[in-house]
Amino acid sequence: MSDDAEQQHSTGSRDSMTYPQAMQAQAFLTRLTHGEADTRDRAASRVDRWQAVLSGMADGRLTIGSRTPVAGLPAWVTPEVVRGGFATSEASAEGPLQPYEREAASLAGVPVGRRALFAYCLTEPGLARLYALLDSGRYEIVVPEKAALLIVAWLVRSGDVTGALELVEILEPWADRLRFMPRPSVLPTPDVQAVHRRTVGDVGASLSARRPHSAVETQREALAVWQPFGDELLAHWLETAGTGRVLDHVLDDTWRERGEILLRRYRELAATHTRCTKHRDPRENLGILRGALEETVAGRPLDARRLGLLRHAVESMVRRRGRPGSGQHRELRARQAAQAAQPSHHALAQLVLRRLSGLPQQTGAADVTPLIADVSARESTETGLPAGAVIPVAVRRVVEAALSAPISTLVERGVVPSAEVLAELVPQLVASTGSQAYQDLALRTLMAANYRAFRNRRSLLLLDLARQVRVEELPWVRAVAQYRVDDQGQEAAHTVLRQLGELAVQAFPGTLLPNPLVRELSVLARQAEAGAPFVEELASDIFMGTFTPKFLAAARVAAELLDGTLYERYYGIDYAAVRNLAITEASDSLRRAHRARTSPGFAKLCAARAGDTSTRSWSVAANGKIIEQGQILTTHNLATLVGRIGISPEPGWGDLARRCFTTVCLLTARIHGNPRPLSTIKDAAYAWRQMVFHLSLCGPAEQSHVIARLDEEMARYPGHVAARLAPALTGLRQAAAGGSPDSGGGRCFLGWTTEAHWLVRLDDVGIPVRPASW
């Protein structure tokens, strides 16, 4: 959910007790049955959190769907939120005293408690300590509440004692419950111009958690230990083959003594090397040779059955690999020994972990090349790994996630593989951009850290068009709002907004902008005063048919950009009517005493385009059809990025359209044999819509050229892909020629349906497609 996420109550939605009960049951099952102890412990923690949700709902302490779900906690307090947007009864900034709080109380000579620490921070020595933290930037803000006392100190030092006292008055009732004091850090706050997916510490923890691959290590043990030992046993028995048959030769005492030595060594090896167990199987060749030797050394003659097994085992081993010591046998064992001598991925990961240990753990790494270099001669001497050994790809990928670089570099190098991952990193940039409005360096650094912490705040499940809490609603942010010089930040915000928009559209042209990214773009648009209405993807399971006015505003932007284009013809849109509707509702809103919370005209238009009837029964699929029409009318932010922000991605709209079609083909290929294909169809339809948008911005010649070459791209995929997409391509070409897509065998490609989708053939899956599975 985003800052402005529109969430409504609906029958069967997630605000009932059913969802938390199901989540708790799932966690409880994991707690009981999972093989990993760490996973069981995490599951136990989830069980407790869901129990807190259920208990709070039962006794009235929790109001699910409210901006203030926990009774008594104001909206600015960061709640603890679990999956689905459910709040527990706790705040993220409460809980037992942390070690740094106890240490601070000890150094200050005050009682060990949050209220005593809070009061100490308002004294002269306490403020001096906060001033030092402000100037050094060496503090950690994990939840935004930890920035509050630093803001108090900054206000006092700036001479705004009144503002400081007003803020203290708001915070004081919570002084014994919430952490308002920041955690000191050995490192300054990070430079957010360079971003990273994971810190060095995160990567180290990931590598530390890796265990040796059981199957690989078992094979290594077989090659390095048991096959050489089996060769010795075989050679020992071959000494008895006087006329070509085992035991034709007379066994002497020396042979038996050497046999005893072999058996003792076997027992030592079996006690030490426990991964491979085939040598214990009496039916395996090694087990037969070893068992026969034990009987013979003990002075017991071999019966006919065991003798037959022994001779068969010896003959088959010689036939398959040659006699031990022969050229064929030596060549085979040399290859296997070289294979067994290769260092394991686990051992190489441990070497990389050693390299990481010398770096600051709370940040990314400016250069990961030395971390994933081949094993050096010095490291070989220290670890026993062979010099020149290459770090495995799987380990390199983990380490590359810690690369700290401009976000465009991370996208180019594949460290950011999706729009969702891009959205995770954008708050680091937005924090820096928004803080530029503060002239004081210490305050700028603090506000950037506060914003990053705020963006870690998980969204609540909200009902009745309620809006998520915004960063400017935090009391300590309001306290310094007058010190912003917005003109300084507007140009920087617009620049970053354009760069991010171009990056997202260029890197992931066939993917919807995910809600977390839309949220950050909205923040930048407000900072830039760009008048750009960004809209989020709505949840169909809790949608009740209403849209906020910004959806109609976004549709008006699309109308201005796409009037008379392929996009308007393909989707059968009357953008002139959309503009008139937007103008009418805007005028009505101006005449009202308060701003409208919904756009009834836009909701009615979307429902009509979806074929909705006033008597329809509620269903997720029916909701999805209406939401999809809203996305079509608004282009889901693409028109806003082009028309209001001015993005112009390289290498051009035609290239983006071709890449969107590639995404469509890839997704369509996954439909074959898929028992639940509808979500894949939905994503393919979204990619198709973005392709039509990009085509609509091409010149006539380029548009025709791209459409003509789509068959070439489609030919690279299985034949069923072309068969499925043929109606959609026909419809596209008809619309490009000025006609309707839904004629002459053509189809307008939409994702949501309450019927069986035409893209699915029933013989693919062998079972009927149920529309309710949406």
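Author: Let us begin with handedness: a crossing is left-handed if the near helix is turned anticlockwise from the far one by less than a right angle, and right-handed if clockwise. Helices (H or I, at least four residues) and strands (E, at least two) are DSSP runs, numbered from the N terminus. In this structure the crossing of helix 11 and helix 12 is left-handed. The model is a predicted one, in which local features need pLDDT of at least 70 and side-chain atom pairs count only at pLDDT 80 or more, while totals for chains, interfaces and linings use all residues. Residues are numbered from 1 along each chain as its sequence is written, and side-chain values use heavy atoms, with hydrogens and water left out.

Reader: At what angle do helix 11 and helix 12 cross?

Author: Axes are lines fitted to C-alpha atoms, for helices over the stretch in contact, and angles run from 0 to 180 degrees between N-to-C directions. Angles under 35 degrees count as roughly parallel, over 145 as roughly antiparallel, 65 to 115 as roughly perpendicular and the rest as oblique. Helix 11 (residues 285-297) and helix 12 (residues 304-321) cross at roughly 135°, and their axes come within 9 Å. The two helices are therefore oblique to each other.

Reader: Which residues make the contact of helix 11 with helix 12?

Author: Contact means heavy atoms within 4.5 Å. Helix 11 contributes Asn285, Ile288, Leu289, Gly291, Ala292 and Glu295, and helix 12 contributes Arg306, Leu309, Leu310, Ala313, Val314, Ser316 and Met317. For sorting such residues, Ala, Val, Leu, Ile, Met, Phe, Trp, Tyr, Cys and Pro count as nonpolar, Asp, Glu, Lys and Arg as charged, and the others, Gly among them, as polar. Here the contact divides into eight nonpolar, three polar and two charged residues.

Reader: How are helix 1 and helix 2 arranged?

Author: Helix 1 (residues 18-33) packs against helix 2 (residues 37-59) at an angle of about 155°, with their axes 8 Å apart. That makes helix 1 roughly antiparallel to helix 2. Their crossing is left-handed. Residues of helix 1 in the contact include Tyr19, Met23 and Phe28, and those of helix 2 include Val47, Trp50 and Leu54. The residues of this contact divide into twelve nonpolar, five polar and three charged.

Reader: Which backbone values deserve attention in the loops?

Author: Most residues other than glycine have a negative phi, and most peptide bonds are trans. In the loop between helix 27 (620-634) and helix 28, His636 has a positive phi, near 45°. Asn637 lies in that loop between helix 27 and helix 28, and its phi, also positive, is near 85°. A cis peptide bond, with omega about 5°, joins Glu650 and Pro651. Pro651 belongs to the loop between helix 28 (638-645) and helix 29 (653-669).

Reader: Is His636 buried or exposed?

Author: Buried means under 20% relative accessible area, exposed over 50%, partly exposed in between (1.4 Å probe, protein chains only). His636 is buried, with a relative accessible area of 1%, and Asn637 is buried at 1% relative accessibility. Ala726, in helix 33 (residues 719-736), is partly exposed at 35%.

Reader: What describes the chain as a whole?

Author: The chain holds 34 helices and four strands. Of its 774 residues, 51% are buried. Its C-alpha trace spans about 115 × 85 × 55 Å along the principal axes.
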